[in-house]
Amino acid sequence: MNIILLGPPGAGKGTQAQKLVDERNMIQLSTGDMLRAARTSGTEMGNKVAAIMDAGELVTDEIVIGLIEEQLEAHPDGSFIFDGFPRTLPQADALGKLLEAHGMSLDAVIEMQVNDDVLVGRIVGRAEEARKAGQPVRADDNEESLRVRLMEYYKKTSPLIGYYYAKGDLKPVNGLGTIDEVAAEIAALLD
Ligand code: AMP
């Protein structure tokens, strides 16, 4: 089974992806995590994306599509959760083609619905928690980057809701519940 978790920053995509990894033996493909790993590796690509990420903007389609392609090739029999990818219509088209080329298909696009006030609170809370626990705070978890990230989401990513609706793949869930409530809603859709 292959699914996309779609939703704005702070919707809980990473949290729910982790639960699916633990409970269903799926592989989480988070382009955000891959890019954060790349930027600490000192590679040319890593240096190129660091400033873009910190500002809250999207990196180029070419870079993230390349990262996803590598992972699909590395796990030919994998069952994937796409977390934070695709984020643009060209990425969505590219994913469709990549899956087809690897003899895979998409089973569902889980749209995590939340309202904007909640998002800001969650992200500010995530930064505070990390700070308290002595863990590194994401450079883009500040109010200014968040504003850009939300705008990028509405301009470039939210059109994917209509795109996947038209394909018959869209499954909305209420992302405002507790972690376990949202997980149960997702599980009911997948079973
Ligand atoms: P995330 O961890 O998903 O919130 O992603 C953090 C940052 O990585 C985003 O704000 C973008 O700068 C970049 N990023 C992650 N995934 C993508 C993607 N699919 N397309 C473009 N940029 C991305």
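**Figure 1. Secondary structure of the protein chain in the predicted model.** The protein chain comprises 9 helices and 5 strands, where helices (H or I, at least four residues) and strands (E, at least two) are DSSP runs numbered from the N terminus. Read from the N terminus, the order of elements is β-α-β-α-α-α-β-α-β-α-α-α-β-α. The radius of gyration is 16 Å, close to the 16 Å that the globule rule gives for 191 residues, so the chain is as compact as a globular protein of that length; the radius is taken over C-alpha atoms, and the rule is 2.2 Å times the number of residues to the power 0.38. Along the principal axes, the C-alpha atoms fill a box of roughly 40 × 40 × 30 Å. This is a predicted model, in which local features need pLDDT of at least 70 and side-chain atom pairs count only at pLDDT 80 or more, while totals for chains, interfaces and linings use all residues. Residues are numbered from 1 along each chain as its sequence is written, and side-chain values use heavy atoms, with hydrogens and water left out.

**Figure 2. Residues around the ligand.** The shell holds 15 residues, of which Thr-31, Arg-36, Glu-57, Gly-84 and Gln-91 come nearest; a residue is near if one of its heavy atoms lies within 4 Å of the molecule. Helix α2 (residues 31-40) supplies the largest share of this shell, 4 residues. By class, the shell divides into 6 nonpolar, 4 polar and 5 charged residues, with Ala, Val, Leu, Ile, Met, Phe, Trp, Tyr, Cys and Pro counted as nonpolar, Asp, Glu, Lys and Arg as charged, and the others, Gly among them, as polar.

Figure 3. A side-chain N or O atom of Thr-31 is 2.8 Å from a ligand nitrogen atom. For Gln-91, a polar side-chain atom lies 3.0 Å from a nitrogen atom of the ligand, and for Val-59 a polar backbone atom is 3.2 Å from a ligand nitrogen. The protein buries 96% of the 480 Å² that the ligand exposes when taken alone (Shrake-Rupley method, 1.4 Å probe).

**Figure 4. Backbone detail in two loops.** The peptide bond from Phe-85 to Pro-86 is cis, with omega near -5°. Pro-86 lies in the loop between β3 (80-83) and α5 (89-101). Asn-25, in the loop between α1 (13-24) and β2 (27-30), has a positive phi of about 60° although it is not a glycine.

Definitions and conventions
Polar contact = N/O pair within 3.5 Å; in protein donor to acceptor, adjacent residues only side chain to side chain.
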